[in-house]
Amino acid sequence: MTTRKVFIPLHGEEVAPRFDLATEVLMGECDAEGRILIEKVLLLPGPSAERLCHMAISERVQAVICGGIDQEVYDYLTWKRVEVIDNVIGPASFVLRHYAAGRLHTGDILSSAKRS
Amino acid sequence: MTSKSNKSPSAGQPSIDFFAMLDALPWGVIIFDIQRRTLFCNQALSTLIGLSADAAKGLRCYNVLRCRACLSDCPTEKPGPMTTPVTFETDLINRDRKRVPLRVTLAPLLDLRQQQIGFIETIEDLRPLMELGAKSAQAYRFSNILGQSVQMVKLFRIVPVIAQSDSSVLITGETGTGKDMLADTLHQESDRSKGPFVKINCGALPETLLESELFGHTKGAFTGAVENKQGRFHLAHNGTLYLTEIGDLPLTLQVKLLTFLDDKVVYPLGGTKGFAANVRIVAATHRNLEQMVREGRFRQDLFFRLNVMRLHIPPLREREGDVRLLLDYFVNHLSQKLNRSVSGYTGKALQLLLAYAYPGNVRELRNIVEYAVNVCQEGRIAPKHLPAYLTEDRAQPLVEFIPEPLRPPPPHPEPQGVKGTWPTVEKQMILDALIKAKGNRMKASQALGWARSTLWRKIKLYGIDAS
């Protein structure tokens, strides 16, 4: 069974506006049918883009979903074959479901303020 | 909130389109409500963050701006109503993934009853300012050389051009002006920067040793030459050879250097096989080479060959404004390096330092500041922290300073009783040994550490009458 692992840096319950300033990460795993198999929050000792990159690579995630990300970090992750879906705004669990369903794109705004 | 003024325009007063006015501003402006949901962002901010005003509407401010301050220390989250505007510097990452440094001014937005209904933020992009700051900082320095005087600015303009050429360079200037630093800069800025930078002081070694150091020697070239040795020309292959104190180079070696500059081939001492060295020569001296040429102490043809490109570093007393710049630079640099908290100079100390002539130029100025920073330790440098000769003996005011007169180069130190080239020395050694041995060749050869046949051969070579 093919599963996909994804990292979503958090700011509260939302997707973190800045990758480099996130201190929590939602790690999700979904299958090809779009079901969420694992959804857990990891706490980081402090904000660090380098540490997050290292975690993403060592955990072998397929995608990182975030708000703002430096071009340098973006290039590094894509070079390491990690898909980066950036400029995303919205509640992290809702975003994760969108991703699992294959409907999430760079720049998507899934904020409740926009949905209502 | 409407796009028109809240107050109804009285007769004759034109109504103001408030948001259109904000759109015309060159700074970014964002207005958000008390829940920090975006109500408006102007055109300049939209361009800066890469998000349209419509897309931003209704979003939380931190999702729009993505400022560091929004996420770590947002002033709007502080308890109690905000009463006065706050300004802070921060950065954002825009939709093009570029990090932008900002200066943000956040102010409360009040209604007619002075009740806070939201916030207004003005955002200034600091990138142009930072670029300007970096450029202006560079304007006063080139590599490690500092200066803002007209002469130094002229020098900074010409150095990159000279560095890119491969011609020989002659650097002149008084002691302590930074000739070595300039030579190093020329190398670092040149295409040879990946190659070696070899420095040799022509005044520091005796003539025979200098020749061997410069050109190398082959095994057996002279007594003690037990193996082949590469000279500095060889070591500097594909790089730069810096000959400092070229004015002190003996005449015999001047000829050899001249030959190299013509042929670009070096012949080690005692060797017949030349080495084609790809070396750029940078020479420096504090002496007046033209005068030395006139006096016959420096070869004119060598002078002409070295003087292809000439850089003159002016003495500090002629560099208007540089003393102050260097004083400030060294006090900051040295107090950091020496772990002191010295912040500057008192008025009197500065007066003394600015009036001093600095015959030792930048080197002397640095040493004075280093002494003062060590003595002062914290606060500001006062006259009591300066070296005594500056405060007690004020017999060297700027106007009375006379530069050190040019002196002939000192003769090279030579072993006592030994003069001239190796054959002369060797001949003298044989004669001394024969005199001591009262003409007995066996005893003389033992004293010299040679075989009898070697002594006989050398006696014949030098035409010594040993009878």
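What share of the contacts in chain A with a separation of 6 or more do residues 24 or more positions apart account for?

Modeller: In this predicted model, residues 24 or more positions apart account for 46% of the contacts in chain A with a separation of 6 or more. The secondary structure behind that figure can be set out briefly. Chain A contains 4 helices and 6 strands, and their order along the sequence is β-β-β-β-α-β-α-β-α-α. The radius of gyration of chain A is 13 Å, close to the 13 Å that the globule rule gives for 116 residues, so chain A is as compact as a globular protein of that length. The C-alpha trace of chain A spans about 35 × 35 × 25 Å along its principal axes.

Turning to burial, 53% of the 116 residues in chain A are buried, where buried means under 20% relative accessible area. The accessible surface of chain A amounts to about 5700 Å², and carbon and sulfur atoms contribute 49% of that surface.

As for charge, chain A carries 13 positive and 16 negative charges. The mean position of the positive charges and the mean position of the negative charges lie 4 Å apart.

Notes. Residues are numbered from 1 along each chain as its sequence is written. Chains are lettered from A and ligands numbered from 1 in the order in which they are written. This is a predicted model: local features need pLDDT of at least 70, side-chain atom pairs count only at pLDDT 80 or more; totals for chains, interfaces and linings use all residues. Side-chain values use heavy atoms; hydrogens and water are left out. Helices (H or I, at least four residues) and strands (E, at least two) are DSSP runs, numbered from the N terminus. The radius of gyration is taken over C-alpha atoms; the globule rule is 2.2 Å times the number of residues to the power 0.38. Buried means under 20% relative accessible area, exposed over 50%, partly exposed in between (1.4 Å probe, protein chains only). Contact means heavy atoms within 4.5 Å. Accessible areas come from the Shrake-Rupley method with a 1.4 Å probe; for residues, only the protein chains shown count as cover. Lys and Arg count as positive and Asp and Glu as negative; His and the chain ends are not counted. The place of a charge is taken as NZ of Lys, CZ of Arg, CG of Asp or CD of Glu.
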